[in-house]
Amino acid sequence: MDVRENTENNLTTDTAVEVAANAASGAVTAGRPKIRRVILGIVIFLLCAGLLFCYLNKVFSMGDSDANRQTFKAFYAEPKDTIDVMYLGTSASNRYFINPLAYEEEGMTCFTIATMGMPMFFVPDLIDEVRKTQDPKLYIIEMRWLLKDRELITDAHIRRVTDNLKYSSIKKDALETAFAEMDGSKGMLGDIGELGLDYYIPILKYHGRLAEGKMSPGDFKLTATKNKTKGYVMSFNTTKQVNQFPGKVSEKREPMSDIAEKALNETLDKCDELTKDRDVQVLFVLSPYCCLKGQKPIFNTAFDIVRERGYTVLDFNRPEMYEELGLDFDKDYYNSKHVNYIGAEKYTRYLTKYLAEHYDLPDHRGEAGYESWEDAFAIYQEYVSGGIDTIGVKAYRGGPVKTIKFKGKVLNKKEMEALDEEKEQILQERNEQDGVLEEAEQKEAEQNEAENTEEK
């Protein structure tokens with residue numbers, strides 16, 4: 001009897017343990033789906049938050065109507081390996097070379113990536129960015145920026161490039177280069193490296209645009225507006241005409257600033273890397289403008305450095321080049337630093353012919369896949385079809401040296417010398433104001449674009 005009772009008690013105990021174990025196992029099994037759902041929910045939330053953050057960073061960046069943003073968007077949209085010539089530089093590039101006209105004349109596909117006042121130290125990174133999708137046979141590098149020093153570089157000069165680069169190691173390198181170059185500057189960007197987070201996260205910089213009423217519907221669209229003329233900028237000044245004084249010509253040499261010389265040498269190092277064992281060539285140019293006294297000697301020093309490294313330089317700031325181009329300083333400019341479309345056509349036709357004669361570039365006219373270049377030329381033609389608008393009157397016009405007149409009066413030698421000083425002062429004032437005028441030009445273009453969008 002005792003044995004039977006013990007056996008029954010043991011069985012009861014074993015059964016209870018088994019039941020408890022099964023209950024615990026069931027609880028764990030039942031809890032697993034809940035844990036999985038929580039983890040899945042967290043992952044989905046983080047993914048959505050990340051996508052929203054990326055989207056807002058694109059929205060709260062430079063305005064959709066910004067010409068620099070439109071140029072980069074257009075470049076990224078170009079089909080792979082369809083660009084044979086890349087033109088890199090400041091606004092002295094995108095206001096001078098009409099890429100659709102070059103295609104119309106010789107069938108060459110050239111694209112310009114240029115921003116106003118773009119520092120040359122960005123050129124090596126831009127070359128790397130270009131090579132991710134294109135394999136140009138020729139790079140053209142504008143030299144106008146080499147007059148600058150560290151104190152003249154502004155926040156906008158940096159952002160016009162870095163804000164528009166796609167996120168990658170190249171963008172990171174470009175920002176690090178800018179921070180390093182500006183470190184210790186006495187200008188407004190002396191502490192850029194300490195306050196540089198908003199260069200990586202644009203929303204920190206541009207979130208105020210919404211409250212300020214500076215957002216347009218185009219800003220919220222991921223398919224942003226693109227430049228339609230392969231990087232050539234048709235600003236509202238393109239069809240204006242303001243008389244200018246010819247620039248000061250000199251054969252002297254003067255040193256560049258340390259930042260300019262370093263940027264030039266690092267660009268040349270990149271060119272050496274680019275052309276070594278590859279069928280790629282590089283051409284340096286200085287487009288024609290109204291050089292001030294003391295500027296040409298700095299360029300002459302830069303020319304020497306480039307030529308010593310084995311690269312060709314085309315200097316358009318010489319009297320014989322003015323003549324070859326057929327430049328008319330009374331009619332072909334809209335300010336002292338930029339030609340209007342008439343001057344741009346003269347420059348483009350000359351340079352296009354030079355490229356066709358000195359480089360082995362294919363003619364893509366009529367070739368399937370290049371219809372967009374024909375469309376770009378049609379857009380350019382329509383834009384300039386209204387002709388030029390004369391808005392400027394130059395204070396001085398001269399004939400032969402012995403019969404120079406000013407306001408109807410024949411001048412003697414002393415009066416001529418005094419007038420030369422006045423001309424130099426006027427030219428200096430015009431050059432100093434050009435930066436302000438360009439900023440005003442960009443703001444007006446953005447305003448016009450916003451008004452057009454609202455009308456639509």
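This is a predicted model: local features need pLDDT of at least 70, side-chain atom pairs count only at pLDDT 80 or more; totals for chains, interfaces and linings use all residues.
Begin by selecting helix H5, residues 123-131, together with helix H7, residues 169-182, whose axes come within 9 Å and cross at roughly 175 degrees. Because angles over 145 degrees count as roughly antiparallel, H5 is roughly antiparallel to H7. Now show the side chains where the two helices touch: H5 contributes Asp 125, Asp 128 and Glu 129, while H7 contributes Ile 170, Asp 173, Ala 174 and Thr 177. If you colour this contact by residue class, it divides into four charged residues, two nonpolar and one polar.

Next, select Gly 89, Thr 90, Met 118, Met 120, Val 123, Ile 141, Glu 142 and Trp 145, which line the largest cavity. This cavity holds about 40 Å³ of space, and the count of cavities of 30 Å³ or more comes to one. Its lining is made up of five nonpolar residues, two polar and one charged.

For the last stop, turn to the salt bridges, of which the structure holds 20, and select Lys 230 with Glu 78, whose side chains meet in one of them at 2.8 Å, N to O. Tracing the chain from each partner shows that the pair links distant parts of it, 152 residues apart. Lys 230 sits in the loop between helix H11 (217-220) and strand S4 (240-241), whereas Glu 78 belongs to the loop between helix H2 (67-77) and strand S1 (85-89).

Terms used. Residues are numbered from 1 along each chain as its sequence is written. Side-chain values use heavy atoms; hydrogens and water are left out. Axes are lines fitted to C-alpha atoms, for helices over the stretch in contact, and angles run from 0 to 180 degrees between N-to-C directions. Helices (H or I, at least four residues) and strands (E, at least two) are DSSP runs, numbered from the N terminus. Angles under 35 degrees count as roughly parallel, over 145 as roughly antiparallel, 65 to 115 as roughly perpendicular and the rest as oblique. Contact means heavy atoms within 4.5 Å. Ala, Val, Leu, Ile, Met, Phe, Trp, Tyr, Cys and Pro count as nonpolar, Asp, Glu, Lys and Arg as charged, and the others, Gly among them, as polar. On a 1 Å grid over the protein atoms alone, a cavity is a set of points where a 1.4 Å probe fits but cannot get out, and a pocket is an open set with protein on both sides within 12 Å along at least five of seven lines; lining residues have an atom within 4 Å of a point. Grid points are joined across faces, edges and corners, and a volume is the space filled by probe spheres set on the points. A salt bridge is a side-chain nitrogen of Lys or Arg within 4 Å of a carboxyl oxygen of Asp or Glu.
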